[in-house]
Amino acid sequence: MALDRSDVEKVAHLARLALDEAAVPDYARNLSEILEFVERMNAVDTEGVEPLAHPLEATQRLRADEVTETVDRARFQALAPAVEDGLYLVPRVVE
């Protein structure tokens, strides 16, 4: 599929892009090459091919899910300006 100047200008307008008039032919050529490549890829027979999440059979190495720090609630609430029954008191911001 070959794009011409008006196609490129329309796409640029829709994408809200400002184009240099001298560069429009280069954009048209590059975008046409991309669309031709997509057409070639669409022509490939993929019947029976399972979808992949990744081209390699790789698994993510994860660290063990272990607790590394604890919350010292009493210490933090001692620093708070206002606490009542274990809850932080804050000023009302919505009436």
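The structure contains five salt bridges. One of them joins the side chains of E21 and R5, at 3.0 Å from N to O. Because R5 belongs to helix α1 and E21 to the loop between α1 (5-14) and α2, this pair ties together parts that lie 16 residues apart in sequence.

R5 has a relative accessible area of 37% and is therefore partly exposed. R5 and E21 also belong to a network of salt bridges that includes E9.

## A pair within helix α2

Another salt bridge brings together the side chains of R29 and D26, with 3.4 Å between N and O. Both residues lie in helix α2, three residues apart, so about one helical turn separates them. R29 is partly exposed, its relative accessible area being 44%; D26 is likewise partly exposed, at 41%.

## Confidence of the prediction

The mean pLDDT of the protein is 91, and 100% of the residues score at least 70. Confidence is highest in helix α2 (residues 24-42), at 95, and lowest in helix α3 (residues 73-79), at a mean of 92. Where pLDDT is low, predicted coordinates should not be read in detail.

Notes. Residues are numbered from 1 along each chain as its sequence is written. This is a predicted model: local features need pLDDT of at least 70, side-chain atom pairs count only at pLDDT 80 or more; totals for chains, interfaces and linings use all residues. Side-chain values use heavy atoms; hydrogens and water are left out. pLDDT is the predictor's confidence in each residue, from 0 to 100. Helices (H or I, at least four residues) and strands (E, at least two) are DSSP runs, numbered from the N terminus. A salt bridge is a side-chain nitrogen of Lys or Arg within 4 Å of a carboxyl oxygen of Asp or Glu. Buried means under 20% relative accessible area, exposed over 50%, partly exposed in between (1.4 Å probe, protein chains only).
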